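I opened this entry to look through one model and write down what I found. I began with a helix and then turned to a whole chain and a contact.

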Amino acid sequence: MSKLLTIKDLSVAYGGIQAVRGISFDVSEGEVVTLIGANGAGKSSTLRSIVGLVKPSGGSVLFQDKELSGLTTENIVKNGITLVPEGRRVFVNLTVYENLKMGAYMRKDNLEADLNWVYDLFPRLKERNWQSAGTLSGGEQQMLAIARALMSRPKLIMMDEPSLGLAPLVVQGVFDIIREINKQGVTILLVEQNANMALKAADRAYVMETGQITMSGSGQDLLENEEIREAYLGKKAKK
Amino acid sequence: MDWLSRNLPYLMAGISVGGQYALIAIGYTMVYGILRLINFAHGDIFMCAGLIMVYASTVLPIYVCIPLVIVATVLIGFLVERVAYKPLRSAPRMSVMISAIGVSYLLQNLALYITGGLAQQYPTIPWISDVITVFGVTTKRVTVITPPLVILLVIGLVFLIKKTKIGMAMRAASKDFETSQLMGIKINSVISFTFIIGSFLAAVGSFLFFSNYTGVTPTVGAMPGLKAFVAAVFGGIGSIPGAVIGAFLIGIVENIIKGLGWTTFSDAFTFALLIIVLIFKPTGLFGEAAADKV
């Protein structure tokens, strides 16, 4: 598989505080890769620096062999990366339909086919098409945030804590969707605190601690890893 | 009937001046909606539109001056944002506001330097300055055409914001800069566009306003600017319909107070209204309850 995204020695600093300390990882086409770790490990900072919402203090972000670090956010997303931000951040003053159109803001072609695609994925959104996004429930807003990201027809979709604050049943739904859109050919980089769900969904995983990657492997391997089980899955390893 | 015929001139003047305040108030409220900034320089941009007209009309025919004034005013609004506000995009809001006050004084003092402090006579724009008689009231035509013109412009503006792509981007950006950028929106273009619309409306307002109040002084923008600001606060700052309703209300009440013979207090009413609104309903008529972005 060809590498879609290659991160090398990426660092992010806020003032004097190093949030990300020279991490390197990659995402290949068609994969689901997850970054797991505790609060403050630097996962969100990593995603935000990839799309240019914070400027990395060092390192490189290669996307399809093109260097992205230093570009503005709108130029980065033009290359086919999108981020579903933490906390959903749908435009609450716009309707569901307008939110989807915002997702396709850069596109000039016909949106009909893709609208139907996301309505198929999320029938709920079609029902609520003309409602303002602020009236949706948390789970529906998460669906809308994902659908909005899909409307840009991204090659890589990054998701920051899509399960945050959702009921367990809804979380299951979100991960079903993640698998489904991956099956349809979208590469996914997923940041999660819900390590159990994330590892089950992922082909490969990286563990982040205090700004560094401390472990990596296939999702299945890490699920069975004792250290991971104790630190993130809340289970004692079976003797 | 007798009361009405006695007060009709004041009522008409009120509606007309209210419409002119409305055109200025939209500029305040739109900029606040997107930047959370009270653009104190807006009234002075309005003054600049008046001054440019004064000087342009000495060398050019009026029909050339009108588009020229519009273009020049839009350019001033655009430049003010680029030079004084854009570099402060990530600075605390207070810094931008102080920068706005600085621009306001800069424009006033530039005007003072250019005019020498003397009131300049605004040129007579033909047709709209003609004296006509409606319902037995003698007035300039501008009084009558202001309200429908304002309503037309507001309808156009609402259409732009509700139905077009750039309007949608403006609404999105007013809620969330970061996520808007993730959609590929160029935030700076959207902000510039907002200032362009505000300045355009201020320029149109200046033609109407100065056709009635013909002396252009360096501080002439201050009073209408302040009143338009009060209108925007009254209507709920950030809300366009709110600003328009507030502006008409202030214009009408002020002139009715004048009609009752209390001219001295007409300005006091406006500012008393500001205090009362801020105490009892700080979000205004149509303002949103959730004030701060998280």
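I listed the buried residues of helix H3 of chain A: A:Val96, A:Glu98, A:Asn99, A:Leu100, A:Lys101, A:Met102 and A:Gly103. The helix runs over residues 96–103, and seven of its eight residues are buried, so I noted H3 as mostly covered, counting a residue as buried if 20 or more other C-beta atoms lie within 10 Å of its own. I kept in mind that this is a predicted model.

Next I asked what covers the buried residues of H3(A).

I then looked up chain B as a whole. I found eleven helices and four strands in chain B. Its radius of gyration is 19 Å, close to the 19 Å that the globule rule gives for 294 residues, so chain B is as compact as a globular protein of that length. Along its principal axes, the C-alpha trace of chain B spans about 60 × 50 × 35 Å. Buried residues make up 47% of the 294 residues in chain B. I also checked contacts in chain B between residues at least 6 apart in sequence: 75% of them join residues at least 24 apart.

Last, I turned to the contact between the chains. It takes 20 residues from chain A and 14 residues from chain B. On the chain A side, helix H2 (73–78), strand E6 (81–84) and H3 each supply at least two residues. I sorted the residues of that side into eleven nonpolar, four polar and five charged.

Note on methods: Residues are numbered from 1 along each chain as its sequence is written. Chains are lettered from A and ligands numbered from 1 in the order in which they are written. This is a predicted model: local features need pLDDT of at least 70, side-chain atom pairs count only at pLDDT 80 or more; totals for chains, interfaces and linings use all residues. A residue is buried if 20 or more other C-beta atoms lie within 10 Å of its own, exposed if 12 or fewer, and partly exposed in between; C-beta atoms are placed from the backbone. Two residues are in contact if their C-beta atoms, placed from the backbone, lie within 7 Å. The radius of gyration is taken over C-alpha atoms; the globule rule is 2.2 Å times the number of residues to the power 0.38. Ala, Val, Leu, Ile, Met, Phe, Trp, Tyr, Cys and Pro count as nonpolar, Asp, Glu, Lys and Arg as charged, and the others, Gly among them, as polar.
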